[in-house]
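Let's walk through this model together, starting with the chains and ending with a single residue.

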Amino acid sequence: MIWHKIRQNWIIYLLGILIPFVLWGCFIGWPLIYNIYLSFTDWNGFTTDFNFVGLDNYHEMLDDPFILKCLLNNVKWVIGSLLLADILGFFLAVTLHSKKLYFTSIFRVLFFLPYTMPLVTVGVMFSLLLSPGFGALDKILELIGLGGLIRPWLGDYNTALYTLITIFSWAYIGFPLMLFHTGINQIPGELYEAAALEGARPIQSLWYVTIPMMRSVSIGVVTLTVIEGIKMFDLVAVMTIGGPFGATNVLGHYMYTVSFRTGNQFGYGASIGVLILLLSSIFSLIYIRYYKGAVLHGSER
Amino acid sequence: MDRNGSLKINSVKIYKAICTSIMLLFSLIWISPILLTLITSIKTDKDVITNPFSLPIYPVFQAYSAAWNVLQIDKLLFNSMFYSFAGTALAIILAIFPAYLFTKFYVPAGNLLFVILLVGLAIPQQTFIIPLYDVMRNFKLLDNRLGIIIVHAVFGLPFELLIFVSFLSNIPNELLDSARIDGGSNLGILRYIIVPLLSPAIAAGFLVNSIGVWKEYFFALIFLNKPDLMPMTVGITQVIGGKYTSAWSIPAAAVIISQIPLFITVMLAYRWIKEGIFSGAVKG
């Protein structure tokens, strides 16, 4: 029965399964699996022969002080962008949704503009604005009498990472803001009317209506933000190259450094890739399964 | 009674106006990095150092022509545009068939296969970049326009697939059944019913994914080394850390030029982009 149906519509099955899965296999599946294998080797990226070295790369990772530093920085990055981009984005979305503003569509576009900038361009722009001595930020701080705060924003071991996280959140906020705002718009107005009839104050209807109704959108936004923080590369590569002294290094950038930029230690790089895979896979699975499994149930055929 | 009513309306209006002004101030501060960069780009370097915030009395556009020549921005813009349009178009063509198949036909283990196809959506590039580099080298796709387009198409496919699937599952099957009874072939139905119905989703998916490809840096950095093939994101990094750090206006002008296409797109098509991002990222 099934075979009959497949034979009858073979061209759709061919174009719909075979081609996507061949491409998927070549460019996603095989590289993902082969990367795990490479993490047990000492491949340098160019020779055709390399040795199987067992867990050596993983032992090296345990002894490598940079790994721990990077991991910690990634954790800070994730937490920082959750607080600065997602939570602030949520409250901005609530504010823009409330009936207390004119021209909300203009504001939405304005806050979305930074998200359309490549992080590389964002990095170039803020390198100019933060450059020591002449950067606009220092001038502004001087102007409003906060000259004492001036520091080499990207050169100071203690502040460089937080500077980057703030810049990232500035650029990223348009994304959570847009999703939250669209989600809030889809909440039926009757729920708020019912809440108001029962005497709920605005803060209560936010807590008892908006936030519970935003559960599924929030899971999507949060998992994507976490993954974004785990794989961060662009901003670090453009603004600090991980410096000063590894203060802003993150796993995604360190992996690139050891394999492509300085080391040619492709085996070691692959093992850092496996670490990134382990960290992100939980969130990727939550994102993909929890969300997308549901889409197909609409059609029972 | 009447007077009280109008008074009330006025006070509401005033309240809204005050809130709006506060928000306007806040949003201008929010995008002030972009505004400051714009101001910097139309001033001379001396002017930038002496009074960084004031608008120039005579705007100068030297920096724009300098940036254009130094970076060969026309080439970078062309490459970025070409990769995002071609990669996205290919992704859309590849995604239409599985979207039709998974929503309107029986597929054994369909949910599992569908989820597998979505893996590319949320996996960090660093987890497969080394073997992918090897694959690209074996296929002779390094430093190759076709290569980067294929990669972007393969990684754009899951996103387009999601948008199309969530759109198609709302199209009633009866519509397709009646077309089939009238003798329509599958490809005919796809061509004359599905694709026209999908066109809003195709437009939204096209916009969002093109912006995504335009913003992409990691693949382009690793797979393209020839200056002639570089997209904007790789090319623009030449303005910092190198020969031009003393000239403020040139990098600023480069930032502004490279952003103009994206800003215009967003202002014209915000609604479509919003639809695309929402149905691709969270609806489900």
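How many helices and strands does the secondary structure of chain B come to? The count is 13 helices and zero strands, where helices (H or I, at least four residues) and strands (E, at least two) are DSSP runs, numbered from the N terminus.

## Reading the model

This is a predicted model, in which local features need pLDDT of at least 70, side-chain atom pairs count only at pLDDT 80 or more, and totals for chains, interfaces and linings use all residues. Residues are numbered from 1 along each chain as its sequence is written, while chains are lettered from A and ligands numbered from 1 in the order in which they are written.

## The two chains

In chain B, 48% of the 284 residues are buried, meaning that 20 or more other C-beta atoms, placed from the backbone, lie within 10 Å of the residue's own. Its C-alpha atoms fill a box of roughly 80 × 75 × 30 Å along the principal axes.

Chain A has 15 helices and zero strands. Of its 301 residues, 44% count as buried, and its C-alpha trace spans about 75 × 70 × 30 Å along the principal axes.

## A look at B:Met232

You'll find B:Met232 in helix H12 of chain B, which covers residues 232–235. B:Met232 is buried because 31 other C-beta atoms lie within 10 Å.

Beyond its neighbours within four places in sequence, B:Met232 is in contact with B:Leu76, B:Leu77, B:Ser80 and B:Ser258; contact here means C-beta atoms, placed from the backbone, within 7 Å. B:Leu71 is 161 residues from B:Met232 in sequence, yet their C-alpha atoms are 9.4 Å apart in space.

Methods. Buried ≥ 20, exposed ≤ 12 C-beta atoms within 10 Å, placed from the backbone. Contact = placed C-beta atoms within 7 Å.
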